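The structure is shown first, and the points follow by topic.

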There are 2 protein chains.
Amino acid sequence: MNIGEASRASGVSAKMIRYYESIGLIRAPLRTGNNYRVYSTEDVHRLRFIRRARDLGFSMPETEALLALWQDRTRSSADVRAIAVQHVADLEKRIAEMQAMTDTLRHLVHCCSGDDRPDCPILNDLANQRDHHGH
Amino acid sequence: MNIGEASRASGVSAKMIRYYESIGLIRAPLRTGNNYRVYSTEDVHRLRFIRRARDLGFSMPETEALLALWQDRTRSSADVRAIAVQHVADLEKRIAEMQAMTDTLRHLVHCCSGDDRPDCPILNDLANQRDHHGH
DNA sequence: GTAGGGATTGCCATCATGGGAAGGTCAAGG
DNA sequence: CCTTGACCTTCCCATGATGGCAATCCCTAC
């Protein structure tokens, strides 16, 4: 299977497959006589695994760790779980930050008349001298 | 006021102030005889405005638009409101995506025994042939 | 004069991803 | 045999907001 087929089968672009190889996330595949990379179905499974991990928001280092645990038959599920728990915590932190933004903005939007007059509480907030850092 | 003072007064790093100048977000300030940039309190207010907009997650183009509206005394608050509404929608979309990730992950974490055995539903999910695209 | 702190510019790096150029390979069909 | 088209290869460039570093200059204080 060449890189195009592996790409279609895994949902990872050929560009990214080469990139993952360059950073050592996947090992370099064998080459055919014409220097084409050749992939096995196992390689494709690995790529799908990576794709799925990335879709779930895992960072590259986390993905690498998960991949290593996946390959390791003597792993402890506790190690996998720890990575996932940490990632959930990270996601929740980011969600909370963005939620705080939307809460503030929704309030301001609610207070803004949104007509053709220039007065605007949104701009007032942005321009305000208040210490927005204080929280 | 030189760039260091403007930085401390606005909460924007000197590096970023120069960067904002280079991309045209703020205009180039006057220079003293020794080629130092010199800023007015009005410039600092603009920087604080930018800082606040960035803290609320507005993109650079949105920030630019908001800044322009702020300077424009004949603006309609509706224009400001539209940008904010769009941004809230963007944030909510991203929050929903991340929420979907956490929901999936929390479920998997819940199902994972997290002991020293290798069996792990988290890895099973990542390795699964299922079409995770289907939604 | 010298030390220190701040300013200037410019270059490099991030991180995951895409775009594109220049050139090799291969199969099908005239 | 030659062309066309669809692959593949490598290499370079760009993103966006930010930090870091280096060389050089300026000013003030001792």
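In the residue classes used here, Ala, Val, Leu, Ile, Met, Phe, Trp, Tyr, Cys and Pro count as nonpolar, Asp, Glu, Lys and Arg as charged, and the others, Gly among them, as polar. By these classes, the surface near DNA strand D holds seven nonpolar, five polar and five charged residues. The model is predicted, so that local features need pLDDT of at least 70 and side-chain atom pairs count only at pLDDT 80 or more, whereas totals for chains, interfaces and linings use all residues. Residues are numbered from 1 along each chain as its sequence is written, chains are lettered from A in the order in which they are written, and side-chain values use heavy atoms, without hydrogens or water.

- Sugar or phosphate accounts for 71% of the atoms of DNA strand D within 4 Å of the protein, and bases for the rest.
- Helix H1 (3–10) of chain A and H2 of chain B each supply at least two residues of this surface, where helices are DSSP runs of H or I with at least four residues, numbered from the N terminus.
- H2(B) gives the most, with four residues.

- Polar contacts are pairs of N or O atoms within 3.5 Å.
- The side chain of Arg37(A) places an N or O atom 2.8 Å from a phosphate oxygen of DNA strand D.

**Surface near DNA strand C**

- DNA strand C is surrounded by 18 residues, the closest being Lys15(A), Met60(A), Asn2(B), Gly4(B) and Arg18(B).
- This surface divides into seven nonpolar, five polar and six charged residues.
- H2(A) contributes the largest share, four residues.

**Polar contacts to DNA strand C**

- A polar side-chain atom of Tyr36(A) is 2.9 Å from a base nitrogen of DNA strand C.
- Phosphate oxygens of DNA strand C lie 2.7 Å from a side-chain N or O atom of Arg18(B) and 3.0 Å from one of Arg31(B).

Note on methods: A residue is near a molecule or strand if one of its heavy atoms lies within 4 Å of it. A polar contact is a pair of N or O atoms within 3.5 Å; within protein, one must be able to donate a hydrogen and the other to accept it, and residues adjacent in sequence count only if both atoms are side-chain atoms.
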